[in-house]
Amino acid sequence: MRSSLLLKLALIFPVLGIAALIWNSEHSQQTGSRLRVPIEGYDPRDILRGHYLQYRFKWNFDLQKTREFARKFKGVYYGQSGSDRLCMNEILIVYPLAHEDSEKECLHLIKGNLVINDPIGTFEFLLGIERFYVPEQYARRLESMLRDSRPEVEFALNSQGRAVMVELYMHGRPWSEMIKR
Amino acid sequence: MNPYLQKKLTNWSESGLINDETRNRIVDYENRRSGINVLMAALFMGALTISIGIVSIVAANWHEIPKLVKLLSAILLLSIFSALTYLFNKQGRQSYKDASILLVFGSIISSIALVGQIYHLESHLFNSFALWLMLGTPIVLFNGSKYVTYVWTTVLTICAYLSLSRLSPESGHHFLALPPLTLLGLSLLFMKMKMENHFFHRATSLCGWILLIGSILVMGPLRWRNDLGVVNAWSALINFLAAMPLGIYLNKHYKWQGAAILFLAMGFLEIPNAFFHGDLKVLGALYFLLLFSLLAALALKLEHKKLFDYSCLLLAIRIIFIYFEVFGSLLQTGIGLVMSGLFILFVAWIWHSKKDILWKLGERR
């Protein structure tokens, strides 16, 4: 009797777990403020990796504030995954925020992984959504379309400030519309 | 039936070692047993193929089907396999129940992959494996098949190694002893719990020992040779602490020498990790020889012939490798090879001269 009950619970558990995963993903996508940021191919010669597109966000960094932040870390900083904060102000300029910095100016606070290599002047902010899965029959076409279509990614910010992918846009339209043209 | 066994039975029968009645009983027993094995293997292969097929369909990313339909299909499939498991359990059909448990386990990861793909979730592979294990382990504990248990143990092992790079990408290699020690700790737990399916104990124990010995054989010598970068005494301490439960068990069942050899082996892995770096390959090689010589001596004391044989084999292999490490020029290499060869012949002579005693010990065991 007890064994049968435990078996039932063990069988229901994965179904509930997967349902909770779906609900959480859907909820994060539907609620929270949405942002659309331009992207570019991670490696312009090979954007396609398997069945997903790999890209990076083209952030509009406030260079002065970012360099100030970089100086604190002797110019080279590779943040822990998901623990850094990026402040986006009202004119959509972004800069990394140290723990002691004020959040007043920030319209949005985005959590991610900051990569600064100041001596060679590269700044990156990784959101953990730098890949977009595509159907295999469209993959090659999308790859070539991405090169000259002003691609953008729309994401939602959940309650913790983490990004959840919403849609890939080309020329301001969802990719699925563009591919049918 | 196995043709090799068939041939043997005919030989034994013709030599008068067994009579026809015994022969027929053995044939009957083997036919029954192999019938079950073939059925189990077929069920296992079928369930595994379906699971891989579902993952492939997910990977193809069938864009034309709406998101809701895809997600509901995943839930529905999981529910159907769960219902089948319940039904087979109620009917007492153990083999079918085990196969459907494998299907449930497989569809959990395909569902996770599907959700990840639909919502473009990107995270460390460890997260997916950990979630898979978290959701799937309770149902796997109800299986009675070695196949399903070994699949689960493999997933657990991969997850344990992935956790190293997830928790610390830079210094994860300092904790390489943790996954096998965790598996061995789990195997003790399964034994203590007296699980009905004894394959949980066997699979985790086998995997744990293979990986621990593999780490000692591969990583150990490398650590004594190479500069790993940062000395990490904390990781060595944590690894030693993780070996404690196993040490206590060995002390209880294989005398204090068993525990001592485990901690000596841990020392072989962790001393270079904790205290120094640089090229200490000669010292490392001597440590290795001492470790496996003590293991061989313990095997003799415990009358464990297989352990003695394997320890001697590893000693011989290690001795051959020493000359690659120590000697440089052709002359030195030649001398090294001659010395190594002589040493191996000496070990082989000792082994051969004690063969009768060892065989007796083996038989007694």
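How many helices and how many strands does chain A have? Chain A has 4 helices and 12 strands, whereas chain B has 15 helices and 0 strands; helices (H or I, at least four residues) and strands (E, at least two) are DSSP runs, numbered from the N terminus. This is a predicted model, in which local features need pLDDT of at least 70 and side-chain atom pairs count only at pLDDT 80 or more, while totals for chains, interfaces and linings use all residues. Residues are numbered from 1 along each chain as its sequence is written, chains are lettered from A and ligands numbered from 1 in the order in which they are written, and side-chain values use heavy atoms, with hydrogens and water left out.

- Of the 181 residues of chain A, 50% count as buried, and in chain B buried residues make up 41% of the 365 residues; buried means under 20% relative accessible area, exposed over 50%, and partly exposed in between (1.4 Å probe, protein chains only).
- Chain A exposes about 10,000 Å², of which carbon and sulfur atoms supply 52%, while the accessible surface of chain B comes to about 19,900 Å², with 70% belonging to carbon and sulfur atoms; these areas come from the Shrake-Rupley method with a 1.4 Å probe, and for residues only the protein chains shown count as cover.
- Among contacts in chain A between residues at least 6 apart in sequence, 61% join residues at least 24 apart, and in chain B residues 24 or more positions apart account for 73% of the contacts with a separation of 6 or more; contact means heavy atoms within 4.5 Å.

- Just after α1(A), A:G32 takes a positive phi of about 85 degrees.
- Strand β1 (residues 34-41) of chain A pairs in the antiparallel sense with strand β10 (residues 152-157) of chain A over 5 bridges, and in β10(A) the bridge partner of A:V37 is A:V153; two strands pair if DSSP finds at least two bridges between them.
- Strand β1(A) is also joined by 3 bridges to strand β3 (residues 52-57) of chain A, the two running antiparallel, and in β3(A) the bridge partner of A:I39 is A:F57.

- Helix α4 (residues 94-118) of chain B has 25 residues and reaches 36 Å from its first C-alpha to its last, close to the 36 Å expected at 1.5 Å a residue.
- Because 22 of the 25 residues of α4(B) are buried, this helix is largely enclosed by the rest of the structure, and α4(B) is followed by B:H120, whose phi is positive, near 55 degrees.
- B:A259 lies in helix α11 of chain B and counts as buried at 8% relative accessibility; leaving aside its neighbours within four places in sequence, B:A259 is in contact with B:G247, B:L250 and B:N251.

**Aromatic rings**

- The structure holds 18 aromatic pairs over all chains; rings of Phe, Tyr and Trp (its six-membered ring) pair if their centres lie within 6.5 Å, and planes under 30 degrees apart count as stacked, over 60 as edge-to-face and the rest as tilted.
- B:F190 and B:F200 form a tilted pair, 5.2 Å centre to centre with 40 degrees between the planes, and this pair links B:F190 in helix α7 (residues 178-193) of chain B with B:F200 in helix α8 (residues 199-225) of chain B, 10 residues apart.
- B:F190 is buried, with a relative accessible area of 6%, and B:F200 counts as buried at 0% relative accessibility.
- The rings of B:F240 and B:F263 have their centres 6.2 Å apart and their planes at 10 degrees, so the pair is stacked.
- Ring pairs link A:Y55, A:F57, A:W59, A:F125 and A:F155 into a cluster.

Conventions
Expected span 1.5 Å × (residues − 1).
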